[in-house]
Amino acid sequence: MDLPTIWFLLWGLLWAVYFVTDGFDLGIGTLLPFMGKSDTERRIMYDVMGPLWDGNEVWLITAGGVTFAAFPKTYAVMFSSLYTPLMLLLFALILRGVSFEFRSKVENPTWRKMWDGFAFLGSLVPALLLGVAFANIFKGIAIDGMGIYQGTLFTLLNPYGLLGGVFFLTFFLVHGSIWLAVKTEGDLHDRALKTAHGLWWVLLGAAVALILAGAFATRLYDNYLAHPALFLVLAFTVVCLLGVKFYLAKGRLWKAWFSSALTIVGATFYGIVGLYPNMLPSSIDPAYNVTVYNAASSPKTLTIMFVLAVIFTPVVLLYQFWAYRLFKAKVTEEDLTYDEA
């Protein structure tokens, strides 16, 4: 396996880890106005996200950094073609982060309600836009031979792109509601569990629709048909998705959450392996495709990056494991005495 291919797979893995870690934060933030029936419950929901959300977003920065360093042409074309949705995504994430910090600064219901609204928008918009962006990448973007985007924001809001947005949003809602059930108790725990059960069926419908639509709107299945063993990736994803429902029914919430995490990894690689060797297919002409080979940095750069990744990635993973282990206990009303949420 050559270095560009290795880095392409690592690129996909970084996005998958980001979707797993920040996905439940985005889901809980979107559920905030519907699930939090009182200020105390909303404070608990903030505390469930609070210790981990900024560490989770490190993976988003890492994925963007790897795109820039390993595939500079992909970075340039992606960020110019998807400039508007990516800027909306960035502003939404900033708004969410500010809401976490500012909500508790003033003891006023109107003030807190305003920041709750910003936290909701700052979670809903990224979840939708990530789905729209990746669905359009799988479908193909209107880039010409110079790598210049020949469409508008509304070009990206095509049926397959919107279906991708619905799929991502639903997935994050299920992932977030399971995490909320794991971390809470009482009525909030029961409502989160009931929500996860109900939304799982919506997620199943969105997943089936996206898989079927992919056969008509994308060329993802070309690789699968050429190498049928790749269907194991899709089978793994489906088994994990069914495992989410199975463990929810058994009341084994940690296993349900890990099944959800593995489903996200599988769903990401379902798209990644179908995309290869393209990174940004052109919907205008396949000759304009941005691939792992015409976008990759020099072999020397990729080699140095690989050595650094082998050394430092385990360190980051160990730190994140330690952080999750440190804050593994349930969040209760008594815990609110010691914080400013």
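Legends to the close-up views

Buried means under 20% relative accessible area, exposed over 50%, and partly exposed in between (1.4 Å probe, protein chains only). This is a predicted model: local features need pLDDT of at least 70, side-chain atom pairs count only at pLDDT 80 or more, and totals for chains, interfaces and linings use all residues. Residues are numbered from 1 along each chain as its sequence is written, and side-chain values use heavy atoms, with hydrogens and water left out.

**View 1**
Of the 23 residues of α13, 18 are buried, so the helix is largely enclosed by the rest of the structure. Helices (H or I, at least four residues) and strands (E, at least two) are DSSP runs, numbered from the N terminus. Ser 260 is one of the residues of α13, and it is buried, with a relative accessible area of 0%. Neighbours within four places in sequence left aside, Ser 260 is in contact (heavy atoms within 4.5 Å) with Phe 171, His 175, Ile 178 and Val 244. Thr 268 also belongs to α13; this residue is buried, at a relative accessible area of 10%.

**View 2. Helix α1 against helix α13.**
The axes of α1 (residues 3-35) and α13 (residues 253-275) come within 9 Å and cross at roughly 145°. Axes are lines fitted to C-alpha atoms, for helices over the stretch in contact, with angles from 0 to 180 degrees between N-to-C directions. On the α1 side the contact has Phe 8, Leu 9, Trp 11, Gly 12, Leu 13, Ala 16, Phe 19, Val 20 and Phe 24; on the α13 side it has Trp 257, Ala 261, Ile 264, Val 265, Thr 268, Phe 269, Ile 272 and Leu 275. Sorted by class, the contact of α1 with α13 holds 15 nonpolar, two polar and no charged residues.

**View 3. Helix α1 beside helix α14.**
The axes of α1 and α14 come within 11 Å, crossing at roughly 25°. That angle makes α1 roughly parallel to α14. (Roughly parallel is under 35 degrees, roughly antiparallel over 145, roughly perpendicular 65 to 115, and oblique the rest.) From α1, the contact takes in Leu 3, Pro 4, Ile 6, Trp 7, Leu 10, Thr 21 and Phe 24; from α14, it takes in Pro 299, Leu 302, Thr 303, Met 305, Phe 306, Ala 309, Gln 320 and Tyr 324. The contact of α1 with α14 divides into twelve nonpolar, three polar and no charged residues.

**View 4. Helix α4 alongside helix α14.**
Helices α4 (residues 58-70) and α14 (residues 299-326) pack at about 175°, and their axes are 12 Å apart. The two helices are therefore roughly antiparallel to each other. Trp 59, Ala 69 and Ala 70 of α4 meet Thr 301, Leu 302, Met 305, Val 316, Leu 317 and Gln 320 of α14.

**View 5. Surroundings of Asp 116.**
Asp 116 is placed in helix α7 (residues 109-139). With 10% relative accessibility, Asp 116 counts as buried. Residues up to four places away in sequence not counted, Asp 116 touches Leu 32, Arg 42, Tyr 46 and Arg 103.

**View 6. Strand β2 at Val 290.**
Val 290 is in strand β2 (residues 290-291) and is buried, with a relative accessible area of 1%. Apart from its neighbours within four places in sequence, Val 290 is in contact with Lys 73, Thr 74, Val 77, Ile 143, Asn 278, Met 279, Leu 280 and Ala 295. Val 290 and Gly 145 are 145 residues apart along the chain, and 9.7 Å separates their C-alpha atoms.

**View 7. Two loop prolines, Pro 277 and Pro 51.**
Pro 277 lies in the loop between α13 and β1 (278-280). The peptide bond that joins Tyr 276 and Pro 277 is cis, with omega about 0°. Pro 51 is in the loop between α2 (39-49) and α3 (53-56); at 35% relative accessibility, Pro 51 counts as partly exposed. Pro 51 and Glu 333 are 282 residues apart in sequence, and the distance from C-alpha to C-alpha is 16 Å.

Definitions and conventions. Nonpolar A, V, L, I, M, F, W, Y, C, P; charged D, E, K, R; others polar.
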